[in-house]
Amino acid sequence: MTTPSTVRALPPSNWGRVRQSRRTADRAMKIIAAGFTMLAISVLFWILGMLLVKGIGGLSVATFTQTMPGPGSEGGGLANAIVGSIVLTFLGIALATPIGVLAGTYLAEYGKTSQLAGLIRFINDILLSAPSILIGLFVYVILVEPLGGYSGWAGGIALGIIAIPVIVRTTEDMLRLVPGPLREAGAALGAPPSVVITSITWRAAKAGMVTGILLALARIAGETAPLIFTALNNSFWFSPTLLGGVSNLPVTIYQFASAPYENWQQLAWAGSLIITLSILLLSLIARRIVRGGK
């Protein structure tokens, strides 16, 4: 039988070397991880700092009240582009929300491990990683070209297609986190599956589902490529029917930033700051909803 004294008498040299090597590897890993973390944070703050320095100078009352200036003219603002972006973004999220929520509900509650559900998840993963410019070209081929012109409806549909996979994935994940006994309790009371889902499961997962919708909204708020092929742009107020070019911030920033006019470049920085702050606000709201749900 081994006694404590015999255990202390064992030569510790080998164990000491192992522990020292592990401590050295642990310290090295911490230094490497901390170094790359600081690098990522410094790049992020560098970008945000440059955006603030250059963007604040272009913010004024005229930025939010006047339309875009013509080439070489002074003054002007981004009022029509801001309103156009809001319209297109909410049009896209209004299209994507019911489709994404219902598809995610099917995957989590009905399909589960079926072959159809697996196929839907595979296609959804492809859409999540698909370049947005391809979606813009797709909508251009099926809507813009046949109808003979750009429109805000085509832009909203393109943004909605981009937002759908985000909402589907988030909805499915949130519904899967709902405990099974909640569903069983509803079924024990005689409620059909549809009532259990709408009255119990959705209510239990509403914080995460709303967060997914807000994240999808932030995802499409700054998209440029699909709007170039669908809504394009407009220097004036767009038509209430959303037919023809619809002014929007992403395409305006793209055009103004590459222009030789200093006034346009300043407005491009201001528009970039507005989009960034809007996405930051949406992210903070999403985090607040999640914490409130917990």
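Predicted model: local features only at pLDDT ≥ 70, side-chain atom pairs only at ≥ 80, totals over all residues.

Me: What makes Pro 71 count as buried or exposed?
Reply: Pro 71, found in the loop between helix 3 (61-65) and helix 4, has a relative accessibility of 60%, and because exposed means over 50%, Pro 71 counts as exposed. Leaving aside residues up to four places away in sequence, Pro 71 touches Tyr 261 and Trp 264, while its C-alpha atom is separated by 19 Å from that of Phe 238, 167 residues apart along the chain.

Me: How do you know what span helix 5 should have, and what do its end C-alpha atoms show?
Reply: Helix 5 (residues 115-129) has 15 residues, which at 1.5 Å a residue should span 21 Å, the expected span being 1.5 Å times one less than the number of residues. The end C-alpha atoms of helix 5 are 22 Å apart, which agrees with that expectation.

Me: Which residues of helix 5 are buried, and why are they said to line one face of the helix?
Reply: The buried residues of helix 5 are Ala 117, Arg 121 and Asn 124. Seen down the axis of helix 5, these buried residues fall within an arc of 65°, and therefore they line one face of the helix. They pack against helix 4 (79-111) and helix 7 (152-176), whereas Gln 115, Phe 122 and Ser 129 are exposed on the other side of helix 5.

Me: What makes helix 4 roughly perpendicular to helix 9?
Reply: Helix 4 and helix 9 (residues 193-204) pack at an angle of about 110°, with their axes 12 Å apart. Because angles of 65 to 115 degrees count as roughly perpendicular, helix 4 is described in that way relative to helix 9. Among the residues that make the contact are Val 101, Leu 102 and Tyr 110 of helix 4, together with Ile 197 and Trp 202 of helix 9.

Me: How do you know that Asn 248 caps the N-terminal end of helix 12?
Reply: A side-chain oxygen of Asn 248 lies 3.1 Å from the backbone nitrogen of Val 251, and a polar contact requires a pair of N or O atoms within 3.5 Å. Val 251 is itself one of the buried residues of helix 12 (residues 249-257).

Methods:
Residues numbered from 1 in each chain as written. Heavy atoms only, no water. Helix = DSSP H or I, 4+ residues; strand = E, 2+ residues; numbered from the N terminus. Buried < 20%, exposed > 50% of the residue type's maximum accessible area, 1.4 Å probe, protein only. Arc of directions from axis to C-beta. Contact = heavy atoms within 4.5 Å. Axes fitted to C-alpha atoms, helices over the stretch in contact; angles between N-to-C directions. Parallel < 35°, antiparallel > 145°, perpendicular 65-115°, else oblique. Polar contact = N/O pair within 3.5 Å; in protein donor to acceptor, adjacent residues only side chain to side chain.
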